[in-house]
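Work through these exercises with the model open. Each task is followed by its solution.

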Amino acid sequence: MKTVTLNTGDLKSQEYFLNMGPQHPATHGVLRLILTMDGEIVKNIEPDLGYIHRSIEKQCEYEGYKQIIHLTDRMDYLSSHINNEAVALAIEQALEIEVPERVKVIRTIMGELTRIASHLLWWGVMGMDVGALTTFMYAFRDREMINDIMEETCGARLTMSYSTPGGVMFDLHPNFQKRVKEFIPHLRSVIPKYDELLTGNVIFQKRMKGVGVLSYEDAISHGASGPVARGSGVSCDRRIKDPYSAFKARDIKFNEILFTEGDNLARYNVRMKEMLESLNIIEQLIDNIPDDGIQAKTKALIKLPKGEFLQRVETARGDMGVYIVSDGKKNPYRVKFRSPGFSNLNALIEIGKGHLIADLVAIMSTLDFVVPDIDR
Amino acid sequence: MILTNTTNYFGDLVSFLAEKMGIGGQILAYVIVAAVYLGFFAIAGLLLVYIERRVAAFFQLRLGPNRVGPHGIFQTIADALKLLSKEIFGTNRKDNLLYTTAYYLVIIAALVSLSVIPFSIGVQAYDLNIGVFFISAVSSVGVLGILFGGWGSNNKYSLIGGMRSGLQMISYELSSGLAILTIILLAGTLQMSGIIEAQRDTWFILKGHIPAWIAFFIFVIAGTAESNRTPFDLPEGEAELGAGYHSEYSGMGFAYFFLAEFINMFIIAAVGVTLFFGGWLAPFGITDTLPWQPLWGAVWFFLKVAVFIFFMMWFRWTFPRLRIDQLLTLEWKYLLPIGLLNIVLMAVIVYYNVLISF
């Protein structure tokens, strides 16, 4: 009988490529990550973009200023109202028109509702990504209430296109205040339950703590913004740094949530606490919405003066910038959107390396990507 | 202590038909027994899928299936028919032998394990004198099926899922084995009916006080891990791996994996009930004087199993999933040493006979 000797020097472990996406449950859309793997450990991450690129910036050059707003809905569809607001603000800034205070307050309330809805959806999906499927349904139940409020006032549930240059499209629905006031205590009462279900869970804590640490310096150098940067201790809230709408017109008191750990749990906690802060903001505004009209006077065909205009707002994902170059015609010469998702994706390449594939999924979830926002 | 002269209805059937019709009758009896078990397998599997979906729905503010038949009970049958009629569709780069044997191994392991489970007094296909050992041995064959499926699919996600499954099942079998051993020290037998008979005065969960409770918790954790359910559903891990080891299966191939998972859950629950909660014995013997004893036995058995299964479903719909290194840490650093110590503790307790009994 021939004896088989095993020379362990001949055994090689080999790195392999793993295609994560474009069709993968954890990439939340058509993000494709080309992973270099060693067993289950991620060695390198290479995002491959362009699967949902719709040339929104180029399209903007062929559209009138009022029409641009409708395109921005489709970028970060979870904070569509804030995107609309950003473009509207940029145009108003260029035209130097002052919108009525009612419009400012309405826009801010709607923006904060959008932020809560976005964070709720994120929370539900976050749970799903780490294997707790129940969170999804709970989050959607509460998000539905916001969608209903939106539907009553602007007729749309997700892509609202509610802001127009100089105002908002329709006045608030008579039920608006009542339903928002119903929603605030409801969400306050369910968030502790959410904490019991997911945040306090020992498995969840172990999965989140110390995983995917994004340092303060890295957060800045990768241009991370929003809850991702605030989880690393970078103060970057545009609502405070350069206030717009009601944040400028009114004296709104709210805290910028900052955590310094920079890990998954910090980013998670930032978003959970931000929901409560958003409720505080809405509560300060909902009772005294002034009654001075919903539209400033604008021309039917808007022409921006020659020049460059920049407006930054804080969407649910972070710092969103609208940069318009105008040559005085009825459509812009160039439009550039600075999307928070794209910069946050940079952070993923940095912090995802060396983790297990299960952790990569969790990290992607706490970075909260919306792929159409990355690709535009 | 091995019980040899207990009633066994399946054994009686075989000897009765063998007497009447000779060897042909014996074969007929075997076929009947097999048909009964296959029927039970299918019904239990479909029922468990239905229950799982309903329970999940109630946890998740939904209604679950409620359209096909009263309260939607025929939904899973409709689903099974759909799966039956589906084309067997897979990758053409598979390792054909492994790919096709995989689901048979999984389902055979589940079916064979069922044969030694005592459903009621004398309702047990084989009352093997090494019943518990037989179950843990056979259920390990199921791992092979999952490994084959993961490897044979020629898909990286399937491979990761299959490998994870191998790692997980082999690790957790140690713990569940130790938990079972702890109880065997109390029972003094490996025979399923013997274990139940030894609990006639007091159930083992009470009789062996603290060590029995520790063994029970270890058994529940390891059992959940062995049946590949959340928080231990890493082989599937839908957020990470799509569908894990059964990504490349469709139609009945997928259905076999799916059914086997639920039957494995039933087996874990049945073994747990037999070892810790007196199997088909009524609590405090409250139905012992009534007629139709086998029927009452089955009622109590399925009631206990249902509670056990409900708990496993509860875990699934509330817990997040563990990571692979945490899974192994839990097993090798915590459960296994605790299990070993627990056996020593139980041995001391049995030796000095400080057991609780009513």
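**Exercise 1.** In what order do the elements of chain B run from the N terminus on?

*Solution.* Note before starting that this model is predicted. Read chain B from its N terminus: the order is α-α-α-α-α-α-α-α-α-α-α-α. Now count by type. Chain B has twelve helices and zero strands.

**Exercise 2.** Describe the extent, burial and contacts of chain B.

*Solution.* Start with the box. Along the principal axes, the C-alpha atoms of chain B fill roughly 60 × 55 × 40 Å. Then take burial: 46% of the 358 residues in chain B are buried. Finish with sequence separation. Consider contacts in chain B between residues at least 6 apart in sequence; 78% of these join residues at least 24 apart.

**Exercise 3.** Characterise the packing of helix 13 and helix 14 of chain A.

*Solution.* Two packed helices are described by the angle and the distance between their axes.

- Step 1: The axes of helix 13 (residues 340–352) and helix 14 (residues 357–367) of chain A come within 10 Å and cross at roughly 155°.
- Step 2: Because of that angle, helix 13 of chain A is roughly antiparallel to helix 14 of chain A. Angles over 145 degrees count as such.
- Step 3: The crossing of helix 13 and helix 14 of chain A is right-handed.
- Step 4: Helix 13 of chain A contributes A:Asn344, A:Ala347, A:Leu348, A:Ile351 and A:Gly352. They meet A:Leu360, A:Ile363, A:Met364 and A:Leu367 in helix 14 of chain A.
- Step 5: The residues of this contact divide into seven nonpolar, two polar and no charged.

Conventions: Residues numbered from 1 in each chain as written. Chains lettered and ligands numbered in written order. Predicted model: local features only at pLDDT ≥ 70, side-chain atom pairs only at ≥ 80, totals over all residues. Axes fitted to C-alpha atoms, helices over the stretch in contact; angles between N-to-C directions. Helix = DSSP H or I, 4+ residues; strand = E, 2+ residues; numbered from the N terminus. Parallel < 35°, antiparallel > 145°, perpendicular 65-115°, else oblique. Left-handed = near helix turned anticlockwise from the far one by under 90°. Contact = placed C-beta atoms within 7 Å. Nonpolar A, V, L, I, M, F, W, Y, C, P; charged D, E, K, R; others polar. Buried ≥ 20, exposed ≤ 12 C-beta atoms within 10 Å, placed from the backbone.
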